[in-house]
Amino acid sequence: MKGDLKIFNTIVDKLLIAEKETPVVEYIEAAKLHDRIDLSLSNEAMKEDDFQDLLEDLILTTPRTSSKLFFNQLFGGRKGKAVLGDLLAVMLNNSMYTYKVGGPQVGVEKSIINKLCEMVGYGKEGNGTFPSGGSMSNLMAMIMARDAHDPKIKLEGTSKKLIVYTSKASHYSTPKNAAMMGIGRNNVRFVNTNSEGELLPDHLEELILTDLEMGNTPFYVNLTAGTTVLGAYDSIPPVSTICKRYNLWLHVDGAYGGGVIFSKKYKHLLKGIEEADSFSVNAHKMLGTPLTCSIVLTKHSQQLYDSFSNDAEYLYQTDGDDYNLGKISMQCGRRNDALKFWTLWKSVGTETLEKYVDHQFYLAEVAREYIRNHPDYTLYSFDDSISICFNYKGIDANELCTLMYEESEIMVGFGKFRDDEFIRFVTINSENEKEDILNFFSKLEAFVEQSVQLAPTSLT
Ligand code: ABU
C-alpha cells in the first residue's frame, strides 16, 4: 500500500504542474483512444515500472476539470480540504447503510443533513440523504411524492394516470425518472417559461386544470433553482400556493443553483424554499466538493422512511433505524459522499462557503460586464446567474466550442434556449479570479483571430 501511495503522490505532483502549464490536455479523438493508450486487460501482470508509466500517461491525458480553462460543465476547481476528505473516505471504504459499518461517518452525514435542514427551514421535522447524483435526488423526490399521494401504490402498483409538471427549461432527469417509475414520459407536462427561462405559474395551473378535467391524476411539480442552460431560478411562492390548492408535492431541484442557501446576498433566489416538500442540492457544483456530492432533503422525514425503508435481517442488526441510514436511502451499498463535504465545511466554516458562492456571482458579473462592453458579443443570459450565455461575432457556438476543444485551447460548452444557440460559460470555479475570466475572453478572441476554419465564410 505504501508503494502505491508513493505512486499516487508522484502522479499527483505531475498532474498539478501539468494543470498549470497545460490547462487543456491534448485532444484524443474518441475513435483513436485505444490506439493512443493501451487500456486492454491481460492475463499476465505488468512490470511495475511499465504499469506506473502507463498510469501516469492515463492520468495526464485525462481532461483537467480543475484547471483555469475548464468551463465546460456545472462544476470545476478543487478544494484541498474536500479532496482530503474524499481520499480518506476511500481509505476507510465504509458503506453508509448501517452504524455498525459506518460508525462516526454516519454522524458526519447526519450532521450535514441536520444543518442543511435548519438552513432550508425544515428544522427538526426534516431529513435527507446523499443519493448518487442530482438525477437520483430528483427520483427520490418523485417517489416520495407518489407515495404521499397514495401509499398503496408502492404495494400494489397503479393504473391511475399520474401526471408530473416541470418547466421546458428543466433538467432531463424529470422525464427520465418518470419513465423509470412507470409513469411514462408522455405524462410529463412541460410548462412554458418566460423569456428568462423561469416557469410560468399561470401556465402550470392551466395544465393542471386540463389534466383534472381529463380525469388524470396530478401529483408532482418540479421547480428548478438554477436551470441547466441559463441558470434561471423558478419563483417558488406562487407555485407553492398552486401546489397547496391541488394537493401536489412540490420539489425544488437545486442541483446546480441550490448552493445559494449559503449566501445572505443570493438566498432570496430560493425565497419560499421552506414551503417546498423537498429540495435537492449538489455540493459538487457551487460548493466546490468533488463529484459526486448530491443531497436531497425533505420536510417529511416519515415519508422518506416510508418510501425507502425495507427490512433486511442480514443487514440491520444493531443500533436502530435513526443511525442505519440504509433505511432512508436508495442504494444498499453506498459510498461515503458526506466526509469530503464535511472536511471542507468543518475546516473553512459556513462563512467561507458563503464566500465561494458570492465569488461565483461576482465572476459572472465580471463576465457579463465584459460582454456588455464589447460590441462583438451578444449576451443571452441574465443577472443572478452564474451561467453566462453569449455568442462572439455571430460565430456558430457549436463550431467554436468544438474547435477550441479539439485544439486544446479552452473547455467550454454550448447550449440552447428557444431558437438561440450560444456558448455557455460557467463561473462555478471559485478558485478563479477576475483575471482568469478576462483571460478566457482574450484567449477566445485570439483563437478566433488566428483560426483558419473560423474565417469569415463561417460567420453568420
Ligand atoms: N446535471 C448536470 C448537467 C450537465 C451540464 O449541463 O453541464
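Select lysine 393, which sits in the loop between β10 (387-392) and α15 (397-406). Helices (H or I, at least four residues) and strands (E, at least two) are DSSP runs, numbered from the N terminus. The phi of lysine 393 is near 50°, a positive value in a residue other than glycine. Most residues other than glycine have a negative phi, and most peptide bonds are trans. Lysine 393 counts as partly exposed because its relative accessible area is 33%. On this scale, buried means under 20% relative accessible area, exposed means over 50%, and partly exposed lies in between (1.4 Å probe, protein chains only).

Before moving on, note that this is a predicted model, in which local features need pLDDT of at least 70 and side-chain atom pairs count only at pLDDT 80 or more, while totals for chains, interfaces and linings use all residues. Residues are numbered from 1 along each chain as its sequence is written, and side-chain values use heavy atoms, with hydrogens and water left out.

Go to aspartate 319, in the loop between α12 (301-308) and α13 (338-348). Aspartate 319 is not a glycine, yet its phi is positive, at about 75°. With a relative accessible area of 46%, aspartate 319 is partly exposed.

Now select leucine 291 and threonine 292. The peptide bond from the leucine to the threonine is cis, with omega near -20°. Threonine 292 belongs to the loop between β7 (278-282) and β8 (294-298).

**The ligand**

Which residues are around the ligand? They are Gln73, Leu74, His171, Thr228, Lys285 and Arg424; a residue is near a molecule or strand if one of its heavy atoms lies within 4 Å of it. Show the side chains of three of them to find polar contacts, meaning pairs of N or O atoms within 3.5 Å; within protein, one must be able to donate a hydrogen and the other to accept it, and residues adjacent in sequence count only if both atoms are side-chain atoms.

- Glutamine 73: a polar side-chain atom is 2.9 Å from an oxygen atom of the ligand.
- Lysine 285: an N or O atom of the side chain is 3.4 Å from a nitrogen atom of the ligand.
- Arginine 424: an N or O atom of the side chain is 2.8 Å from an oxygen atom of the ligand.

On its own, the ligand has 250 Å² of accessible area, and the protein covers 71% of that. Accessible areas come from the Shrake-Rupley method with a 1.4 Å probe; for residues, only the protein chains shown count as cover.

**Salt bridges**

Side chains of opposite charge can pair when their charged atoms come close. A salt bridge is a side-chain nitrogen of Lys or Arg within 4 Å of a carboxyl oxygen of Asp or Glu, and the structure holds 26 of them.

Select lysine 264 and glutamate 354, whose closest N and O atoms are 3.0 Å apart in a salt bridge. This pair links distant parts of the chain, 90 residues apart: lysine 264 is in the loop between β6 (249-254) and β7, and glutamate 354 is in helix α14 (residues 350-373).

Next, pick lysine 340 and aspartate 337, which form a salt bridge with closest N and O atoms 3.3 Å apart. Both lysine 340 and aspartate 337 are buried.

**A nonpolar patch**

Show the surface and select Met1, Leu5, Phe8, Leu84, Leu87, Leu88 and Met91. These form a nonpolar patch with about 650 Å² of accessible area together. Patches are made of residues with over 30% relative accessible area and no salt bridge: like charges are joined within 9 Å, nonpolar side chains (Val, Leu, Ile, Met, Phe, Trp, Tyr) within 5 Å. The largest share of this patch, four residues, comes from α4. Leucine 5 lies in helix α1 and is partly exposed, at 37% relative accessibility.

**Last stop**

Finish at proline 63, in the loop between α3 (48-60) and β1 (70-71).
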